[in-house]
Amino acid sequence: MIDEAIKALKNGEIILVYDSDDRESETDMIVAAEFMTTEHMTTIRKHAGGLVCMPISSENCDKLGLPFMVDILKEANTKYPVLKELYPDDIPYDAKSAFSITINHRDTYTGIPDDDRAKTERELALLCKEGKHSEFGKYFRAPGHVTLLRAEKDAILTREGHTELTIALLEMAGLEPVGICCEMIGDDGKAMPKSETEKYAKENNHVFISGDEIIKEYKEFKKN
């Protein structure tokens, strides 16, 4: 299945990734950000429905100068004490949040329509791919409507969230390690069960893969 997932990502297709029963027990729609389109954004908004986020490799984040949001809270809590009280030290399934800042491309209007968000996502991936990290502030502004996630170094070898699963897949595919992920939410407003997301994948010709398989393959990939 890993070969099918990598092939689909290289073709610019959306795939479905289930993390594990021991973590969030959620399935995310995932796509390589360099291939992001308005149509992809519409599909993700309508058929996933969770928070659309943009995982970025730690290497790209370092070059862009992107911090974790928790680090911003630490730096600012002297002036704004409430930020210390808001620190996310009680996440039930993780030790640390991957959230960074939010952005819009400067050539968007409100930044929220599907074409605006797709442009922001695609253009940031291409900026990283072209090695133009120093021009980040020239083309993007913050805050915005695209939520950036900072992946841990070595992806899922240190953290097994959808952020790192996305980056691991993109690395194995030889694509720029900047992606899009979004949780699939059911009509009842809860995370869609694995059985339903597998059914959706089959009916809509999406590759479905589990986090366990990605982790296993990525460990072998890093050895070579």
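**Before starting**

This is a predicted model, in which local features need pLDDT of at least 70, side-chain atom pairs count only at pLDDT 80 or more, and totals for chains, interfaces and linings use all residues. Residues are numbered from 1 along each chain as its sequence is written, and side-chain values use heavy atoms, with hydrogens and water left out.

**Stop 1: the whole chain**

Along the principal axes, the C-alpha atoms occupy a box of roughly 50 × 45 × 40 Å. The radius of gyration of the protein chain is 17 Å, which agrees with the value near 17 Å that a compact globule of 224 residues would have. That radius is taken over C-alpha atoms, and the globule rule is 2.2 Å times the number of residues to the power 0.38.

Next, switch to a surface display. The protein chain exposes about 11,400 Å², of which carbon and sulfur atoms supply 48%; accessible areas come from the Shrake-Rupley method with a 1.4 Å probe, and for residues only the protein chains shown count as cover. Of the 224 residues, 50% are buried. Here buried means under 20% relative accessible area, exposed over 50%, and partly exposed in between (1.4 Å probe, protein chains only).

**Stop 2: Glu4, in the helix H1**

Select Glu4, which belongs to helix H1 (residues 2–10). Glu4 is partly exposed, with a relative accessible area of 46%.

**Stop 3: Ser97, in a loop**

Move to Ser97, in the loop between helix H5 (82–85) and strand S4 (99–105). Is Ser97 buried or exposed? Its relative accessible area is 15%, so Ser97 is buried. Not counting residues up to four places away in sequence, Ser97 touches Phe68 and Ile91. A C-alpha to C-alpha line from Ser97 to Tyr18 spans 19 Å, for 79 residues of sequence.

**Stop 4**

Select Ser134, in the loop between helix H6 (114–129) and helix H7 (136–139). Ser134 is exposed, because its relative accessible area is 73%. His40 lies 94 residues from Ser134 in sequence and 28 Å from it in space, C-alpha to C-alpha.

Then show the side chains of Phe136 and Phe140. These two form a tilted aromatic pair, 5.6 Å centre to centre with 45° between the planes. Rings of Phe, Tyr and Trp (its six-membered ring) pair if their centres lie within 6.5 Å; planes under 30 degrees apart count as stacked, over 60 as edge-to-face and the rest as tilted. Phe136 counts as buried at 12% relative accessibility, and Phe140 is buried at 4%.

Continue to Pro143, in strand S5 (residues 140–150). The peptide bond from Ala142 to Pro143 is cis, with omega near 0°.

**Stop 5**

Select Thr163 in helix H8 (residues 162–173). Thr163 is buried, with a relative accessible area of 5%. Beyond its neighbours within four places in sequence, Thr163 is in contact with Pro55, Ala98, Leu149, Arg150 and Ala151.

Val178 sits in the loop between H8 and strand S6 (179–183). The relative accessible area of Val178 is 0%, so this residue is buried. Its contacts, leaving aside neighbours within four places in sequence, include Ala32, Met54, Pro55, Ala125, Cys128 and Leu170. Leu149 is 29 residues away from Val178 along the chain, with 9.6 Å between the C-alpha atoms.

**Stop 6: Asn205**

Finish at Asn205, in the loop between helix H9 (194–203) and strand S7 (208–210). What is the phi of Asn205? Asn205 has a positive phi of about 60°, although this residue is not a glycine. At 70% relative accessibility, Asn205 counts as exposed.

Technical notes:
Helices (H or I, at least four residues) and strands (E, at least two) are DSSP runs, numbered from the N terminus. Contact means heavy atoms within 4.5 Å.
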